[in-house]
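Subject: Model for you to look at

Hello,

Here is the structure I promised to hand over.

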Amino acid sequence: MMQELRNRGFRVACLVVLLACVSGCEVQQETSETSASSTSESEIASATCGPTTIIENPREIPIAHTVDVVVIGGGTRGVAAAVAAKESGGSVFLAAERPYLGADLCATWRLWLTKDEKPGDKLSKAIFGDTGATTPMNAKLQLDRALLDADVPFLFGCYVTDILQDSKGRPAGIVMANRSGRQAVIAKVVIDATDRGVAARQAGAEFAPYRAGKHIFKRVVLGGTPGRSAKRLDAVLTPHSIDQKTLRPKKDDDPPIPVYEYTIEIDMPDGSWSAFANADRFARNQTWHDNQASASEQLFQTPPDPLQSRKHQAGPWPGADKIDLDALRPKEIDRFYVLGGCADLSRQAAAMLLRPLNGIALGRRTGAAAAQEASGLTKHKLSELTIRCDSAEPSRDIVVGEMLQGTRSRAPLTKQPTITSPSRKLPVLARVDAVVVGGGTGGAPAGIGAVRGGAKTLVIEYLNGLGGIGTMGKINNYWHGNQVGFTDEVTKATGGRRWNIEKRMEWCRREIVKAGGEVWYQSLGCGSVVRDKRFVGVVVATPFGRGVVLANTVIDSTGNAVIPACAGAPTVQIGAEHIRVQGTGLPPSAPGGDHFNTDWTFADDDDVVDMWRMFVIGKNKYAEAVDIGQLIDTRSRRTIIGDIFLTPLDIWNKRTFPDTITVAKSNYDNHGFTIHEMFMFPLPRSKGDEVGHIPYRALMPKGYDGILVTGLGISAHCDAMPILRMQADVQNQGYAAGKAAAMVAREGKTVRRLDVKALQKHLVEIGSLEEAQLTDKDSYPLSAAKMQTAVDAVGADYQGITKVLTDPKAALPMLRRAWERAPSKDVKLRYAHVLGMLYDNTGAQSLIAAVKANPWDKGRAFVYWGGGTTPMENLIIALGRTGDKRGITVILEKLKELADKPVFSHCRAVAYALEEYRDPAAAKPLAELLSGSGMSGHAFVGIKDALKRTPVETGRMRGNDNSTRNNSLRELILARALYRCGDHEGIAEKILISYTNDLRGHYAAHAKAILSEAKK
């Protein structure tokens, strides 16, 4: 029965996609006017084949770097080549696929040398030392330092998707995809140091065929005992004695962790990405160890399909100094080197090339040769460069969307050069009922919900494990959250409230694949495919290139609404309005280790430069650890604007909805200051957790169909998210989204036509919801009588304020009357405070008198749990919002008092108030405050400066020193106010310009937005 549902859903999905993609497909089908209801059974059957390509219309690709040599691949070979090229006088850029360097060692856990291998050069000695073995942290750290010391720019998380070529068809650089979108790198010479020679294949190089049949792979598992599948596996299991003392996960008296290497035969139909994804699934299924501490992220293989080069190198490995470099150069393709196992060597020699010391030595030779070759070449003319691709006529109705602003999350203030990408064909990699982009806290449950519901499901995950924050993020216990329903099932299956990370990752994966779903690791969702405001697929970058996955429903579980943003759907992110961010961490880690919750910076998940900054600094910060996490633990990201937008008021007023799919519970764990007006009043203390109802509509971008968004990307105010983002609740929400996708696929519908009550009934059955949610109504809007009652209650210590703020227009006349009739000075001030926050000046005189008469109270240095402003700060902000000019003098007097003790929260309140006035009289006092000792100069404009100023953690490695971010926030917020008040001697503009180059994405985005105001 389940299989029949899957087949039926798949047929429906393919039909819908087929109809949606007609004019954009290589294979012509029915006209776009054909409706599903008029399609015959024979047409449905043929639709399962579907289009083989989708048309991407022309666009401009921003240029990120122009260099002599570009190196693709961040393994030891690639790093050695990049350093040598730079030392030989060339300019170099390196693009690494993983969120670290050294994937050839760390992703495969092949961290040891053989007895006859002795490090000889500086880099090899730094990595392996005298023991002949290394840890992941040391390997990654030393490779970072090698590039930093050589002044070679590099980025993590970049997949090559295209080759640039000059007017004669010769390689002239690459196009890469990452979390910021796609960018071009112009280069005279290309070094492809990837495992599979991906860039060379994209350049048109010929390779021997990857023949169908059994192929040998290796996989390393750390610790534990082989499970039943592993015991039955006909494989060679080799123990390795690397320095296991360094792998101890917790304390010195813990036993060492054994390291085992499996040698496995796997049937491969070909060398495609899907074949390697299936091989990975087979290996994970078979080599699972009970209580394992860790395992390889990817399989290791000596490629069986070498390049067809200018000169084949036969025989055994002769030594790196004797390799003919023409064996690395594709036949008939100039300015190109293949530095990896696909080089045209005997397979015996290729295996030796993949040993790290040999790879480093050959990498140095290759890098020097590439730099020498580049020195004799003329600079490329931008007008003569094109992208090598299969061209096509533009699509009339399909829109392929993506981020094209450069390597930062926002475009630079000045126009940057671009390369035109012509109308082209993108291959269709898969067709499914539901594609889940991101396999994290919400994505893995979404995949489980979809596949259990009978949907043909594909989960796309950039990292090597499922589960997100609770696994890859090392926060493996619940901090509040409503631990019912699907979450209760996960908890029981994976070890309770504090779970085993490896077990949870494997449980999530197995729940998907055992029901027929697929998981693609190391794959990045980087674009949208939309027709008539309906999502019909996503663009995916894999280690083998870029293509399209077509789907009936797209589930964006990236946590920052990447796919809707690519389509241009309305979203909310840091701009000119505010820079309210929640704390961000990146934890150290170790095999078998678990919980490590850090909070020491901010990070923008859509800014690949910011992510690079965090990973580089994180390794330096936690250099004593065995490893560093690969998932940046962010607590606030971009959100969609959906059919409904949840706010903190909805939570504190206990708002209910007819379409609730998740009931979230938590204390107010915000890790940062608040901006919503609600928090600028004293709030009644709650007993126990706050409760937030999440309606189905909050998962759908406004005006779009075919997509659901889960987790931190849902339609909600940033100050509501601390209640809504707990792991337990995001898991339940993700499962509900997956179940919804399965239901609409089975019924031939889209997500906007879902029978929400049917979904709710299922969620009641599994315990995620209670019976009451089936009959809930929307408790908004408040009646006039209830509003008047709330206004009357405000006078009594602000009771009722959360209800008043739900409808300021209705409340204002009532508030004015209440101020006039107030029986006492204190009551009058409360009403004046509320009126001021609503930009009404009726009670301005009451606010002026209170601010003038009372001293500063105790401010806060930034990190708050709960509210974020003090009573005096609240009055100052309200006074600024009245716009009453008499308030400027009073606020400036308070500003002068901050010279000796410029506490962050006080400075923020004064800045907020003064920028409301935008009066030049405030400029000089603000400039004087910013000129005080320690008040400015906190932008991170270079990685070496950021490394120097970020505290290093030793011993316990608590990892939560956040002084650098607090100082920067204070400077930036004061500079913003100064700029809006007209500036003084260019001080604000200078500060803001420095922050536009800050490595931290949120600061850079905010500064750019403020400076852009002058152009409007």
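The notes below go through what was found, element by element.

**Ground rules**

This is a predicted model: local features need pLDDT of at least 70, side-chain atom pairs count only at pLDDT 80 or more, and totals for chains, interfaces and linings use all residues. Numbering runs from 1 along each chain as its sequence is written, and side-chain values use heavy atoms, with hydrogens and water left out.

Helices (H or I, at least four residues) and strands (E, at least two) are DSSP runs, numbered from the N terminus. Buried means under 20% relative accessible area, exposed means over 50%, and partly exposed is in between (1.4 Å probe, protein chains only). Two strands pair if DSSP finds at least two bridges between them.

**Helix 21**

Helix 21 covers residues 784-794. M787, A790, V791 and V794 are buried there. Seen down the helix axis, these buried residues fall within an arc of 100°, so they line one face of helix 21. The arc is taken from the directions from the helix axis to the C-beta atoms. An α-helix has 3.6 residues a turn, so residues three or four places apart point the same way. A785, K786 and T789 are on the other side of helix 21 and are exposed.

What do the buried residues of helix 21 pack against? They pack against helix 22 (801-804), helix 23 (808-821) and helix 24 (825-837). Contact here means heavy atoms within 4.5 Å.

The loop between helix 20 (756-765) and helix 21 holds P781. The peptide bond from Y780 to P781 is cis, with omega near -5°.

Strand 19 (residues 457-460) is covered on both faces. T457 and V459 are buried on one side, L458 and I460 on the other. Strand 18 (residues 424-437) runs parallel to strand 19, joined by 4 bridges. V435 has L458 of strand 19 as its bridge partner. Strand 20 (residues 518-520) also runs parallel to strand 19, with 3 bridges. There, L458 has E518 as its bridge partner.

**Strands 2 and 17**

Strand 17 (residues 418-421) alternates. Strand 17 pairs with strand 2 (residues 59-72) in the antiparallel sense, over 4 bridges. The bridge partner of I61 in strand 17 is I419.

In which order do the 4 strands of the open sheet run? The order is 10-11-8-13, and the pairing is antiparallel. Strand 10 (236-240) and strand 13 (294-295) are the edge strands, each pairing on one side only. Strand 10 pairs with strand 11 (residues 259-268) over 5 bridges. V236 stands opposite T263 in strand 11.

**Aromatic rings**

Rings of Phe, Tyr and Trp (its six-membered ring) pair if their centres lie within 6.5 Å; planes under 30 degrees apart count as stacked, over 60 as edge-to-face and the rest as tilted. The count comes to 21 aromatic pairs. One of them is F217 with F276, edge-to-face, at 6.1 Å centre to centre and 85° between the planes. F217 lies in strand 8 (residues 213-222) and F276 in helix 9 (residues 273-286), so the pair ties together parts that are 59 residues apart in sequence. Both F217 and F276 are buried. Ring pairs link Y210, F217, W273, F276, W520 and F544 into a cluster.

**Charges over rings, and K621**

A charge sits over a ring if NZ of Lys or CZ of Arg is within 6 Å of the ring centre and within 35 degrees of the ring normal. R504 lies over the face of W499, at 3.6 Å from the ring centre. K621 lies over the face of W600, at 4.9 Å.

K621 belongs to helix 16 (residues 608-621). Its relative accessibility is 1%, so K621 counts as buried. A polar atom of the K621 side chain lies 3.0 Å from the backbone oxygen of P951. A polar contact is a pair of N or O atoms within 3.5 Å; within protein, one must be able to donate a hydrogen and the other to accept it, and residues adjacent in sequence count only if both atoms are side-chain atoms.

**Positive phi**

Most residues other than glycine have a negative phi. K474 has phi near 70°. K474 lies in the loop between strand 19 and helix 13 (485-494), and is buried at 14% relative accessible area. K654 has a positive phi of about 55°. K654 lies in the loop between helix 17 (648-652) and strand 28 (660-666), and is exposed at 59%.

Best wishes
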